[in-house]
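Visitor: Could you walk me through this one? I'd like to ask a few things as we look.

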Amino acid sequence: MGYLETTKDVYKEAALTPDVGLCCTTNPIWELPGLKIPLIMQQMNYGCGSTVHPRDLVNNPRILYVGVGGGMELLQFAYFSRQENGVIGVDVVDEMLEASRVNFKEAEAMNPCFKSEFVNLRKGDALNLPLDDNSIDVAAQNCLFNIFKTEDLKKAIAEMYRVLKPHGRLVMSDPTCEQEMSDKLRNDERLRALCLSGSLPINEYVKMLTDAGFGTIEIRARKAYRILDPVHYDVDELIYIESIEVAAIKDLMPKDGPCIFTGKAAIYYGEEDYFDDGKGHTLLKNQPLAICDKTAGALASLGRDDIFISPSTFHYDGGGCC
Ligand SMILES: C[S@@+](CC[C@H](N)C(=O)[O-])C[C@H]1O[C@@H](n2cnc3c(N)ncnc32)[C@H](O)[C@@H]1O
């Protein structure tokens, strides 16, 4: 049996017997005003980080969520969109679709602002999405893509790119790991399915997105996630796993390469009121300007002693250059 089949089995089990702590969940539940999240959805939170960002949800977007789990994030998306079929949920595991359907009914009974019809559940595979090209404004996945091996991950990202409209955005949360993992660990199908041994270093993860054509990348959060230690896992040293929240935007690829925002800022502290680099970036005196890594490199290469460039905070929250 291949790892994709093992993954389906793991999540079939997780749908039939909700298992708190089975997978992921290092975040507190994000509570929204007036929204009650059924306990069963909280117990079936198999994600890390959040993919629900209100600022992505302007102009009544058509939303896609791949890998539904217990349905909590679909409920949170529906809280903002509040319309029939406003959120499409796709999952390959029948039992997970059924479990989330039941959970949405419970959420409906608890929340006058939510109707089950707001969510359109569809059976489908992340590697072959049952959706038309250029039909989605905001696509999300949480803790599914890290499970995929390279060729499948490429397919899954290409599928998201295909269904997104121009300037649409793919919002994700996944574990990442900067350390080398042994092949044995990487090929352990159950650990992979549990989001413990598939993760990539952040640079490689981002490169997969830009290679697929996404012209703008935003890293919105980076947090501690798990430790694999030699007592409990087949590892020689402690392996530290983090999780990130990332948005990949289907902007045209700039001629000089993608804009990748990792939370850097530039601050001009010279004698003038501002500094203009002649390329569309104006730095007001002692005011931080959020910059992408490309602009950070270009400003640094000027070799000036009146421009400070901050390290990456991995907490980009909008605005700035590009
Ligand atoms: C780690 S869980 C995450 C669930 C949910 N996103 C959350 O944050 O709680 C992975 C989800 O992806 C689904 N899944 C697994 N393989 C899939 C595939 N090839 N295509 C679509 N969904 C898949 C599982 O059934 C499960 O719902």
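Predicted model: local features only at pLDDT ≥ 70, side-chain atom pairs only at ≥ 80, totals over all residues.

Visitor: What is the accessible surface of the protein chain?

Guide: We get it with the Shrake-Rupley method and a 1.4 Å probe; for residues, only the protein chains shown count as cover. Carbon and sulfur atoms hold 52% of the surface, and the total is about 14800 Å².

Visitor: How many residues of strand β7 are buried?

Guide: Strands are DSSP runs of E, at least two residues, numbered from the N terminus. Buried means under 20% relative accessible area (1.4 Å probe, protein chains only). Strand β7 covers residues 239-249 and is mostly covered, with the buried count at ten of eleven.

Visitor: In which sense do β5 and β7 pair?

Guide: Two strands pair if DSSP finds at least two bridges between them. β5 (residues 164-176) and β7 share eight bridges, and Val171 stands opposite Ala247 in β7. Their sense is antiparallel.

Visitor: And which residue in β7 is the bridge partner of Leu228?

Guide: Let's look at β6, residues 216-228. β6 and β7 pair in the antiparallel sense over eleven bridges. For Leu228, the partner in β7 is Ile239.

Terms used: Residues numbered from 1 in each chain as written. Heavy atoms only, no water. Buried < 20%, exposed > 50% of the residue type's maximum accessible area, 1.4 Å probe, protein only. Helix = DSSP H or I, 4+ residues; strand = E, 2+ residues; numbered from the N terminus.
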